[in-house]
Amino acid sequence: MSLIFRPLFEKQSSTYTYLLADSQSKEAIIIDAVSETKQRDIGLIEELGLNLKYIIETHVHADHITSSCPLKDKFNQAQIVIGEANSVVCADVLIKDGENLQFGEFTLTALSTPGHTNGCMSFVVGDKVFTGDALLIRSCGRCDFQGGSADKLFDSIQKIFTLPDETYVYPAHDYGGRTVSSIWEEKAFNEMIGGGVDKAEFVRRVNSMELSLPAKIHVAVPSNQVCGSRIVTSKS
């Protein structure tokens, strides 16, 4: 038994998409797929002869449009998965904290990690955790829209930090070209929460972030609430 694992990058939004599959059964999952790169992803799935079982979203994204529905149109047996706290009626599975999904001999476990948005989920497969926008490499997600809460995010990251130190951390984004970290690295070196920072200081740091809204937020959020099945155009 071995795991096929392909990290894939979309440069416009600096988004990582992750394709994982059981090499024996060829059952596969894809995490945080992006509209602009759907043909690349479809091509790779077909080239490797994979049976796409689950199309997984860590949360309703504000900076890019998902390709969940286009992928499901192509791979009809696949199910769209997102956390139960999200208002996404197009999903086939509204997954809860602690629930498992199987692909071949591998198990994916959902961890509820709200804070960046109220519906964020992280997912664990073996020695890998896919943290969406909750825990980034040396940073964390912003908390100023979509029901965000720095207080909740602190608790969510502490929950992620209970995973073994050697667990590899794969975020949904990185803006500096980094591809992977580990739990022990983020505990020690994360600039927002590493080194034993307490909740009050973490909340102060997060709330003092001065960031402009994502350029696509008014298009991406409504489109992603329908799993990318239609493109919502701005009226401005």
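**View 1. One cavity of 30 Å³ or more turns up in this predicted model**. Here a cavity is a set of points on a 1 Å grid over the protein atoms alone where a 1.4 Å probe fits but cannot get out. Points are joined across faces, edges and corners, and the volume is the space filled by probe spheres set on them. The largest cavity comes to about 50 Å³. Its lining residues (an atom within 4 Å of a point) are Glu57, His59, Val60, His61, Thr66, Ser68, Ile80, Ile82, Val88, Asn224 and Cys227. A word on the ground rules: this is a predicted model, where local features need pLDDT of at least 70, side-chain atom pairs count only at pLDDT 80 or more, and totals for chains, interfaces and linings use all residues. Residues are numbered from 1 along each chain as its sequence is written, and side-chain values use heavy atoms, with hydrogens and water left out.

**View 2. A disulfide links Cys90 and Cys227**. The two sulfurs sit 1.9 Å from each other, and the structure holds one such bond (cysteine sulfur atoms within 2.5 Å). The torsion about the S-S bond is about 85 degrees, so this disulfide is right-handed. Cys90 lies in the loop between S5 and strand S6 (93–95) and Cys227 in the segment after H6, so the bond ties together parts that are 137 residues apart in sequence. Strands (E, at least two residues) and helices (H or I, at least four) are DSSP runs, numbered from the N terminus. Cys227 is buried at 4% relative accessibility, while Cys90 is partly exposed at 22%. For these labels, buried is under 20% relative accessible area, exposed is over 50%, and partly exposed is in between (1.4 Å probe, protein chains only).

**View 3. What keeps Cys69 and Cys120 from bonding to another cysteine?** For Cys69, the closest cysteine sulfur is in Cys227, 4.8 Å away and too far for a bond. For Cys120, the closest is in Cys143, at 8.8 Å, again too far. Cys69 is buried at 14%, and Cys120 is buried at 3%.

**View 4. The largest nonpolar core has 27 residues**. A core like this is a set of buried Ala, Val, Leu, Ile, Met, Phe, Trp, Tyr and Cys residues joined through side-chain atoms within 4.5 Å. Leu19, Ile30, Leu50, Leu52, Ile55, Leu71 and Phe75 touch the most other members. Elements giving two or more residues include strand S3 (27–31), helix H1 (38–47), strand S4 (51–56) and helix H2 (68–74). H1 gives the largest share, three residues. Beyond its neighbours within four places in sequence, Leu50 is in contact (heavy atoms within 4.5 Å) with Ile4, Leu19, Ala21, Lys26, Ala28 and Ile45. A second, separate core of 22 residues includes Val124, Cys143, Phe154 and Val169.

**View 5. S1 and S2 make a hairpin**. Eight bridges join these antiparallel strands, with Arg6 partnered by Leu19 in S2. Four residues lie between the strands, and Ser14 in the turn has a positive phi of about 55 degrees.

**View 6. Six strands form an open sheet with mixed pairing**. The order is S7-S8-S9-S10-S13-S14, where strands pair if DSSP finds at least two bridges between them. Strands S7 (100–103) and S14 (181–182) stand at the edges with a single partner each, so one side of each has no neighbour in the sheet. S13 (residues 168–171) and S14 run antiparallel, joined by two bridges, and Val169 stands opposite Ser181 in S14.

Note on methods
1 Å grid on protein atoms, 1.4 Å probe; cavity = no way out; pocket = protein on both sides within 12 Å on 5 of 7 lines; lining within 4 Å.
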